[in-house]
Amino acid sequence: MVKDDGCLYLVGTPIGNLEDISLRAVRILGETDFIACEDTRETLKLLNHLGISKKLISYQKYSENEKKSYLIDLVEAGNKVSLVSDAGMPGISDPGEILVKEAWGRGVRVEVIPGPSAVISGLVISGLSTTNFYFHGFLPKSKVKEREAVLSSLKDIRATLIFYITPHSIQKDLQLLLKILGNRNGAIARELTKFYEEVIRGTLEELLQVVESRTLKGEMVLILEGNQVTAKVMSLEEQYKLYQIMVGSGINSKEAIKTISTDYNVSKNKLYEYILEKKEE
Ligand code: SAM
């Protein structure tokens, strides 16, 4: 008989400090029938700390496609299945996303139990702009030419950029970032919420000097200021096009001019005069 109380729970777990688990996460993990996780040893550490004993099912990169159907079969049969990652929110730079797509595709219930995530923790502690941000995850491990192409596509983004970074590639990554994106402000947020938590702030050149002078260990997030140069060279015609899009989407004229002037660091009056000229044409 098919039970109808099955659910896939996406459970956020700590990124270091075990005190960061939420009360709801503890309850759901306690009530769940199965826990799908990456490294069972990592999840066992957390469960032992919480005094919870459950059947663990390994759900890892490279076996995700073969395991996803099995896990959703369990949910369809009325089981409560919790998905956790080694650290943080499942689905961020791990195979969680594939399981969630499968769950929606098969029409089973999905709930999220939010918790810490390294991307957001790194961003807010960096001191860089949080208004708009672009999370890239890990840089590809591919050949330099391909890595350069990926980074070139990020060059003009004005939003703050966030990368997951590993100790063994950090030096090479920073060198390439400096070459392609140019020198700009940034921060390395390392071992967040753990004993050796450290935030190193400075320009890309300064961050590279630090990395060259001492070995940085542990888990790291790199946060970089968005492109500040592009903003200053946006032409009046480009501003006008953006203005038309904004007004076309229902934003009032005054508000659109104000937003463009603030976001792109351009003169409100010049844009206003240009709009008048265009209307007279
Ligand atoms: N799902 C996780 C999340 O929500 O943050 C991220 C998983 S991803 C496979 C692991 C990467 O996250 C690490 O290589 C590192 O870049 C970053 N990370 C995880 N824990 C961290 C921590 N305590 N401090 C800094 N970065 C961390």
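## Close-up views of helix packing and the ligand site

**View 1. Helices α7 and α8 are roughly antiparallel to each other (angle over 145 degrees).** In this predicted model, local features need pLDDT of at least 70 and side-chain atom pairs count only at pLDDT 80 or more, while totals for chains, interfaces and linings use all residues. Residues are numbered from 1 along each chain as its sequence is written, and side-chain values use heavy atoms, with hydrogens and water left out. Helix α7 spans residues 170-181 and helix α8 residues 204-213; their axes come within 10 Å and cross at roughly 160°. Helices are DSSP runs (H or I, at least four residues) numbered from the N terminus. Axes are lines fitted to C-alpha atoms over the stretch in contact, and angles run from 0 to 180 degrees between N-to-C directions. The crossing of α7 past α8 is left-handed (the near helix is turned anticlockwise from the far one by less than a right angle). In contact (heavy atoms within 4.5 Å) are I170, Q171, L174, Q175, L177 and L178 of α7 with L204, E205, L207, L208, V211 and E212 of α8. This contact has eight nonpolar, two polar and two charged residues. Ala, Val, Leu, Ile, Met, Phe, Trp, Tyr, Cys and Pro count as nonpolar, Asp, Glu, Lys and Arg as charged, and the others, Gly among them, as polar.

**View 2. Helix α10 packs on helix α12.** The axes of α10 (residues 236-248) and α12 come within 10 Å and cross at roughly 75°. The two helices are therefore roughly perpendicular (65 to 115 degrees). From α10, L236, E237, Q239, Y240 and Y243 meet K270, L271, Y274, I275, K278 and K279 of α12. By class, six of the contact residues are nonpolar, one is polar and four are charged.

**View 3. Helix α11 also packs against helix α12.** Here α11 (residues 253-264) and α12 (residues 268-280) lie at an angle of about 135°, with their axes 9 Å apart. I257, K258, I260 and S261 in α11 meet K268, L271, Y272 and I275 in α12. Five nonpolar, one polar and two charged residues form this contact.

**View 4. The ligand is surrounded by 19 residues.** A ligand nitrogen atom is 2.9 Å from a polar backbone atom of L192. Polar contacts are pairs of N or O atoms within 3.5 Å.

Technical notes
Near = heavy atom within 4 Å. Polar contact = N/O pair within 3.5 Å; in protein donor to acceptor, adjacent residues only side chain to side chain. Parallel < 35°, antiparallel > 145°, perpendicular 65-115°, else oblique.
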